[in-house]
Amino acid sequence: MLKYIPATDRHHASPVSWLSSYFLFSFADYYDPNNMHFGPLRVFNDDSIAPNSGFPQHPHSEMEIVTIVLDGEVTHEDTMGNKTTIPKGEVQRMTAGTGLAHSEFNRTDKPLHIYQLWFLPNQKGLAPSYEQKDLDLLDTKNELTPIVSGQKVLEDVVYMNSNSTIYWSNLKEGKEIEFKTFPIRNTFIYVKDGTIYVNGTELGPNDQARMTDEHVVQIRASKDAQFILIDLPAAEANY
């Protein structure tokens, strides 16, 4: 079963002048009891941050936090002692675990565009940890490239404590790819640019598809497209 969610159904928040954020799930001042999470995917925020601004230090706990930089550069500091920059095309993962605090700023004169995803961890009480990697995700062609995963059999990915995998794809017009799954798994797709057909349903920029009880996900680009696909466990016992 495929649930199509158009871009217009996202919740838009701009609590301060320098931030424009679209929430795909309940977050902050947006609460919908029917849109709390999809499997262990608890938060997916599509954030645009103005130059020379950002989030001052704030705490997190018991969450796997993934940041994907699409344009610009994030300056990050945390209570684990990390002081890093995350440029376009790189991915960061923080295990908040028993607790940490961090800040995220756009210290440049150009706009910053990120996706930030939070996953419920597969166990509580983990020690906080950090990983960052350049995955050249924006240069991949006509394939699903794993970028973050809890599957240790996958190489050259950022590891997270969740039985989930985030894939990125740049799919050229007319090209098709197939993702094999199982009814015990869920599949989530969010389109950045272009147009794709997912099992016959058309998705444009910022549209979502949430799929359950599927065996195969067939994706065809009718315009050059960039999108995220997330493979997720359906049952809480498998998070």
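Glu62 lies in the loop between E5 and E6, where helices (H or I, at least four residues) and strands (E, at least two) are DSSP runs numbered from the N terminus. The structure is a predicted model, in which local features need pLDDT of at least 70, side-chain atom pairs count only at pLDDT 80 or more, and totals for chains, interfaces and linings use all residues. Residues are numbered from 1 along each chain as its sequence is written, and side-chain values use heavy atoms, with hydrogens and water left out. The phi of Glu62 is positive, near 50°, in a residue other than glycine. Glu62 is partly exposed, with a relative accessible area of 24%; buried denotes under 20% relative accessible area, exposed over 50%, and partly exposed the range in between (1.4 Å probe, protein chains only). Asp213, in the loop between strand E19 (208-211) and E20, likewise is not a glycine and has a positive phi of about 55°. Asp213 is exposed, its relative accessible area being 54%.

UniProt lists His58, His60, His102 and Glu104 under "binding site" in an unreviewed entry; its positions are given in the numbering used here, feature names are shortened, and annotations may be inferred rather than shown by experiment. These residues are spread over 47 residues of sequence, yet they cluster in space, with a largest C-alpha distance of 13.0 Å. From this set, His58, His60 and Glu104 belong to the lining of the largest pocket. A pocket is defined on a 1 Å grid over the protein atoms alone as an open set of points where a 1.4 Å probe fits, with protein on both sides within 12 Å along at least five of seven lines; lining residues have an atom within 4 Å of a point.

His58 is located in strand E5 (residues 53-60) and is partly exposed, at a relative accessible area of 21%. The side chain of His58 makes a polar contact of 3.3 Å with the side chain of His60; such a contact is a pair of N or O atoms within 3.5 Å, where, within protein, one must be able to donate a hydrogen and the other to accept it, and residues adjacent in sequence count only if both atoms are side-chain atoms. Apart from neighbours within four places in sequence, His58 is in contact (heavy atoms within 4.5 Å) with Leu100, Ala101, His102 and Glu104. Glu104 lies in strand E10 (residues 100-106) and is buried, with a relative accessible area of 6%. With residues up to four places away in sequence not counted, Glu104 touches Gly54, Phe55, His58, Thr67, Val74, Thr75 and Gln116.

UniProt places the feature "domain: Quercetin 2,3-dioxygenase C-terminal cupin" (unreviewed entry) at residues 155-232. Over residues 155-232 the chain is 0% helix and 67% strand. Strand E16 (residues 176-180) has a covered face, Ile177 and Phe179, and an uncovered one, Glu176, Glu178 and Lys180. E16 is joined by 5 bridges to the antiparallel strand E20 (residues 216-233), in which Ile219 is the bridge partner of Ile177.

Notes. Two strands pair if DSSP finds at least two bridges between them.
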